[in-house]
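User: I have a structure to go through with you. Could you walk me through it?
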Amino acid sequence: MKLVPLADRVVLKQQEAEEKTKSGIILTSKTQEKPQEAEVVAVGPGGLVDGKEVKMTVSVGDHVIYSKYAGNEVKLDDEEYVIVKQSDILAIVED
């Protein structure tokens, strides 16, 4: 199966949560924060959204940072994804 986002939606695959702090403390799964960094796996076509023209500025393969409480979590074929609006993406991470 494949997720195909509509309008200004973007499908993200979250990065794995850190299991250890920088100082070496091992975190249990309950104390691990979900990372806000993800990889873009699908991008909607953009177009007219709420009466405004939306041009998609992210593309598949981009690494992005998105709002902490944004989007809807979806599980498909044992993979977890987050579907967000493009406006919930705060930045593109460049090397």
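**Around D62**

Analyst: Setting aside neighbours within four places in sequence, D62 is in contact (heavy atoms within 4.5 Å) with A38, E39, V40 and I92. This is a predicted model, where local features need pLDDT of at least 70, side-chain atom pairs count only at pLDDT 80 or more, and totals for chains, interfaces and linings use all residues. Residues are numbered from 1 along each chain as its sequence is written, and side-chain values use heavy atoms, leaving out hydrogens and water.

User: Where is D62 placed?

Analyst: D62 sits in the loop between β4 (52–54) and β5 (63–66). Strands here are DSSP runs of E, at least two residues, numbered from the N terminus.

User: Which side chain of opposite charge is nearest to D62?

Analyst: That is K55, 11 Å away. Lys and Arg count as positive and Asp and Glu as negative, with His and the chain ends not counted.

User: Which backbone nitrogen lies 2.9 Å from a polar atom of the D62 side chain?

Analyst: The one of S59.

User: Switching topic, how many helices and strands are there?

Analyst: The protein chain has zero helices and eight strands.

User: And how much of the chain is buried?

Analyst: Buried residues make up 26% of its 95 residues.

User: What does V10 touch?

Analyst: Beyond residues up to four places away in sequence, V10 touches P5, V40, A42, M56, V58, V82, I83, V84, Q86 and I89.

Technical notes: Helix = DSSP H or I, 4+ residues; strand = E, 2+ residues; numbered from the N terminus. Buried < 20%, exposed > 50% of the residue type's maximum accessible area, 1.4 Å probe, protein only. Salt bridge = Lys/Arg side-chain N within 4 Å of Asp/Glu carboxyl O. Polar contact = N/O pair within 3.5 Å; in protein donor to acceptor, adjacent residues only side chain to side chain.
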